[in-house]
Amino acid sequence: MALRNLLILSGLLVSAGSRGLVSAQGNADPTTQGLHSLMVAAGKLFFGTAIEVNNFNDSAYMAIARNRNEFGLYVPENSQKWEEIQATQGNFDFTDPDAVMALAQENGQMFRCHTLTWHSQLPTFVQNGTWTPETLTAVIVTHITNVMTHYRGRCYAWDVVNEALNDNGTFRESVFFRTLGTTYLPISFAAASAADPAAKLYYNDFNLETSPPKLEGAVRIVRLIQAAGVPIHGVGFQAHFRVGQTPNRTSLIATQERFTSLGLDVSFTELDIAHLSLPANASSVQRQAEHYVDVVAACLAVPRCVGITLWQFTDRYSWIPSTFPGLGDACLWTANYTKKPAYTAVARFLAAAATGTGTATGRLVGATATSDSKALEALRSGAERGILAGVGGLVASFLLGVVLMI
C-alpha cells in the first residue's frame, strides 16, 4: 500500500490546491480550469488520456496533452501491447512506451499501463504457436514478468487481462482459452502481482455497460480470480459509446456497483462517444454532451470510481473512423483542437460538483494526505521490501500449483 500511495501521490500533487482554486474562482469560466483539476476538486484521482509517440511531433496536440490541469494521467494507446513490446520471442523493445512514461514523469503526471494478456495484437509466435498448458503458461509468465518488472513501481495500474468475453458472456475463443481454459486469468493476475505487487491490477473490457450477459460474465471472472486467492483490484469499463445508445447515469452507477460490492475499484478507461452519422446535427451534438456528463456523473456518484481516461482527446487521432467507417467525431476536442459543447458541459458539471452546487457526489477512498505521508515514511524506512518478498513467494507458489494441476 505504501508504494501504491506514493504512485498516486503524483496525481494528487499535479492539482494540489485545485479544490481551493475552484472555490476561489467560483465565478471563473470552468472551461479554462482543466478537466483533471476539476475532477480532482470534485473528489477523484484523475482525468486522463491515451496518447502515443506518433502524436509527439504535433505541437498543437502536445500543448494540450502536456497541460497538467487538463490531464493528470497518460496511458500508451498501443505501444505496450504484446506485439509491440515482444514481437519475437525473448526480444523486448520498450522504446515507445518508455517515451510516453518519460513524458508523464517530466510533467508530473500519472502513468497507467495497457495491456498484458489479450487475444488481439499478438505476435505471430504466440498466435500461431503449438502449445501445451505448461509451455503457454511459461510464455505468459515470462512476458508479464519482463514487462512489469521493467515498469515496476512506475505504473499506477495495469490492464492485466483485456476483453476475455464475448457479448453473450461466454469466454472468447483465443490461444489462451483454447490451451488453458479459464486458468489463464488467475495465471496472468498471479504473474502480474508477483512482478509488481504495488500496481493496481485490472480486468478491462467493452460493452459491460450495455450487455447484461457480458456483465455477469465479468462478475464471474472477478470471483474466479478471487477464489484462486490471487489479487485483482479493479475493473475497467472501456466506455466506447455511441450517441443515442449510451446508458444513462443510473444504469452506469448500477454497473459499477456490481464490482465495488466485490471490493474492487472501477474506472472508465477508454471513453469516447461516437456520432452515428456525420456531420452531426445540433441535436446529436447536444446528446453527445449529455452522454459525456452522464458518464462523469456516474463516476462521481460511486466512491470507488477512481477516474476517467479518454481514448484520445481529439478527433484528429481517434481510432473510431478507421475501425467503424461512417462513425466518428467521438472526442471532446475537434480535429482542429477546438473544445466541443461536450467539453463545456463536462467542465461546467465538474465545477458545480467541486463547489457543492451540483447534485453529483463522490469522494476518493483511501487517498488522504495522512495516508500519503505515512506511505512515504514507510517507503523510506524500507518496510515495503519485506512485504513485497512475502507476496512474491505466495504468488510463485500459486503458479507452481497451477502448472502441476495442468
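Trainee: Which elements make a β-α-β unit with β1, and what is its handedness?
Mentor: In this predicted model, β1, helix α4 (residues 59–65) and β2 make up the unit, and it is right-handed.

Trainee: How do β1 and β2 run, and how many bridges join them?
Mentor: Strand β2 (residues 73–76) runs parallel to β1, and 4 bridges join the two; within that pairing, threonine 49 has tyrosine 74 of β2 as its bridge partner.

Trainee: And what does threonine 49 stand opposite in β9?
Mentor: There, threonine 49 stands opposite leucine 310, and β1 and strand β9 (residues 305–310) also run parallel, joined by 4 bridges.

Trainee: Is β1 buried or exposed?
Mentor: Strand β1 (residues 46–51) is largely enclosed by the rest of the structure, because 6 of its 6 residues are buried, where buried stands for under 20% relative accessible area.

Trainee: Which way do the residues of β1 point?
Mentor: Phe46, Gly48 and Ala50 point one way, while Phe47, Thr49 and Ile51 point the other way, and all of them are buried.

Trainee: Switching to cysteines, how many disulfides does a search of the whole structure find?
Mentor: The search finds 2 disulfides, and with the bonded cysteines numbered in sequence order the pairing is 1-2, 3-4.

Trainee: What can you tell me about the link of cysteine 113 and cysteine 155?
Mentor: The sulfur atoms of cysteine 113 and cysteine 155 are 1.9 Å apart, and the link is left-handed, with -65° about the S-S bond. Cysteine 113 lies in strand β3 (residues 110–118) and cysteine 155 in the loop between α8 (133–150) and β4 (157–162), so the pair ties together parts that are 42 residues apart in sequence. Both cysteine 113 and cysteine 155 are buried.

Trainee: And what does cysteine 299 join to?
Mentor: Cysteine 299 is joined by a disulfide to cysteine 305, with 2.2 Å from S to S; this link is left-handed, with -100° about the S-S bond, and both cysteines are buried.

Trainee: What about cysteine 331, buried or exposed?
Mentor: Cysteine 331 is buried, because its relative accessible area is 1%, under the 20% cut-off.

Trainee: Last one, what share of the whole protein counts as buried?
Mentor: Of its 406 residues, 55% count as buried, and the protein has 17 helices and 9 strands. The protein exposes about 15400 Å², of which carbon and sulfur atoms supply 54%.

Methods:
Residues numbered from 1 in each chain as written. Predicted model: local features only at pLDDT ≥ 70, side-chain atom pairs only at ≥ 80, totals over all residues. Heavy atoms only, no water. Buried < 20%, exposed > 50% of the residue type's maximum accessible area, 1.4 Å probe, protein only. Pairing = 2+ DSSP bridges. Right-handed = clockwise from strand over helix to strand, strands pointing away. Areas by Shrake-Rupley, 256 points an atom, 1.4 Å probe, with all protein chains shown as cover. Disulfide = S-S within 2.5 Å.
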